[in-house]
Amino acid sequence: MTGIEYDDFLDLEYQPAETELVCEFAIEPAADMTMEAAASRVASESSNGTWAALHVDESELTDLGAVACDIDGSDVLVAYPPELFEAGSMPQILSCIAGNILGMKAVDSIRLEDCRWPETVVGGFPGPQFGTSVAGEKLDAEDRPVLATVPKPKVGLSTDAHASIGEAAWRGGIDLLKDDENLTDQAFNPFVDRLTESLAARDRVQEDTGERKDYLVNVTAETTEMLERIDLVAEHGGGFVMVDVITCGWAAVQSVRDRCEDHGLAIHAHRAMHAAFDRLDHHGVSMRVIAQVARLCGVDHIHTGTAGLGKLENEDTPGINAWLTGECYGLNPVLPVASGGLHPGVIDQLIDALGTDIIVQAGGGVHGHPDGTLAGAKALRQSVEAAMAGEALADYATDHPELATALETWGAE
Ligand code: CAP
Ligand code: MG
């Protein structure tokens, strides 16, 4: 008989094997607990231990215990044996490494900051089908940021109004029309009508401008319904779908990834509700880990913030983007999306901070232009042209009136 006790899960001499999933946690132990005691409880509860010492016949047990193997201030590394995980099941992995431990009394707070994903685990997942290559494969934006816009107000526009705003935006130089996160299939703008009218508008603009355009239509729904909506997008000639990945859940995202591969559709991941996990800097799950999970599950784009230039709180956008586009056992890189309070006056700084392999998404910063959506779209495209040419926005604006008006309205920071 062997004992499984909390102490069995702490070994500060232990060197994790390449095959193990190593998680970095920031931990604040409970008042009556040492860091060692808290760390061993985290390793235990997230693998095969519990609060009571167990007495198990070794011959009947696969040893799946995790090891808390390094403590540095509040940073704790925990190594997980790959056999603990079901291949290709993101819910199962998260139930281990971001499950019960987030609510344990042994810690005052705990945040999953980062993961080192081994090939043994990554190999169970497909990764993105297109990722960064959408810019050249599906659009004509290979040498510059992809431009997207979301009509505002985010809900309430009729189908006709929504499609005609999209048409103006595409004509002004936007590549992707995007639905907002809470626009799905409501009575004021039903899904199928919006899909068909918007794609008809897209086709007209493509014909007139000779530039490929597409539509990030929000298919978010209960999973079976969502898969049917994906089929409809393919049937009507769309090239992309948008999914609210956090509110849908990762199991649904995995199903979406499969179905999108059947049709050659790319997946735009919106992250509404991510802040419930990542906004507190001492508790929850970091956006870095959420982005990693999204890449493994196979989204092609994901929102990662604006490096502090927009309206929302952001966590280390450059670092997250570097992970999404860096090497990961051959998985395709994900195209990061900068969005939230962006307008033409900040595009030069945004490109300085994040480079050109991004989607720039602006809602208010296009449709709030005093001369309307067409002018707003032109202004955004002009700001990108200026930044790509290394010209100051104010200089470029002297013979680009739409940009000039945008800079007067919102300033050039
Ligand atoms: C942007 C947006 C996006 C946010 C989400 C909005 O609109 O459509 O949902 O970007 O945040 O409704 O706020 P604006 P994030 O361009 O008008 O701000 O990208 O950080 O996930
Ligand atoms: Mg939105």
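**Whole chain.** I am working with a predicted model here. I looked up the secondary structure and got 17 helices and 15 strands. Next I checked the radius of gyration: it is 24 Å, against 22 Å from the globule rule for 413 residues, so the protein is as compact as a globular protein of that length. For the extents I noted that the C-alpha trace spans about 80 × 45 × 35 Å along its principal axes.

**Domains.** Where do the domain bounds fall? The assignment I looked up puts domain 1 at 2–122 and domain 2 at 131–408. Taken over C-alpha atoms, their centres are 37 Å apart. I then went to the contact between them, which uses 16 residues of domain 1 and 17 residues of domain 2.

I stayed on the domain 1 side for a bit. The elements giving two or more residues to it are the strands β2 (21–29) and β6 (107–116), plus the helices α2 (90–97) and α3 (119–122). Which of them has the largest share? That is β6, with 7 residues. Sorting this side by class, I get 10 nonpolar residues, 5 charged and 1 polar.

**Ligand.** I moved on to ligand 1 and found 18 residues around it. The closest are His303, Ser339, Gly340, Gly363 and Gly364. By class, I have the shell down as 8 polar, 6 charged and 4 nonpolar residues.

**Last stop, α17.** Which residues of helix α17 (residues 401–410) are buried? I have Glu402, Leu403, Ala406 and Leu407 on the list. Looking down the helix axis, I see these buried residues fall within an arc of 135°, so they line one face of α17. I wanted to know what sits over them, and the cover includes α15 (373–389) and α16 (393–397). Just past the end of α17 I stopped at Gly411, which takes a positive phi of about 80°.

Technical notes:
Residues numbered from 1 in each chain as written. Chains lettered and ligands numbered in written order. Predicted model: local features only at pLDDT ≥ 70, side-chain atom pairs only at ≥ 80, totals over all residues. Helix = DSSP H or I, 4+ residues; strand = E, 2+ residues; numbered from the N terminus. Rg over C-alpha atoms; globule rule 2.2 N^0.38 Å. Domains from an automatic or database assignment. Contact = placed C-beta atoms within 7 Å. Nonpolar A, V, L, I, M, F, W, Y, C, P; charged D, E, K, R; others polar. Near = placed C-beta within 6 Å. Buried ≥ 20, exposed ≤ 12 C-beta atoms within 10 Å, placed from the backbone. Arc of directions from axis to C-beta.
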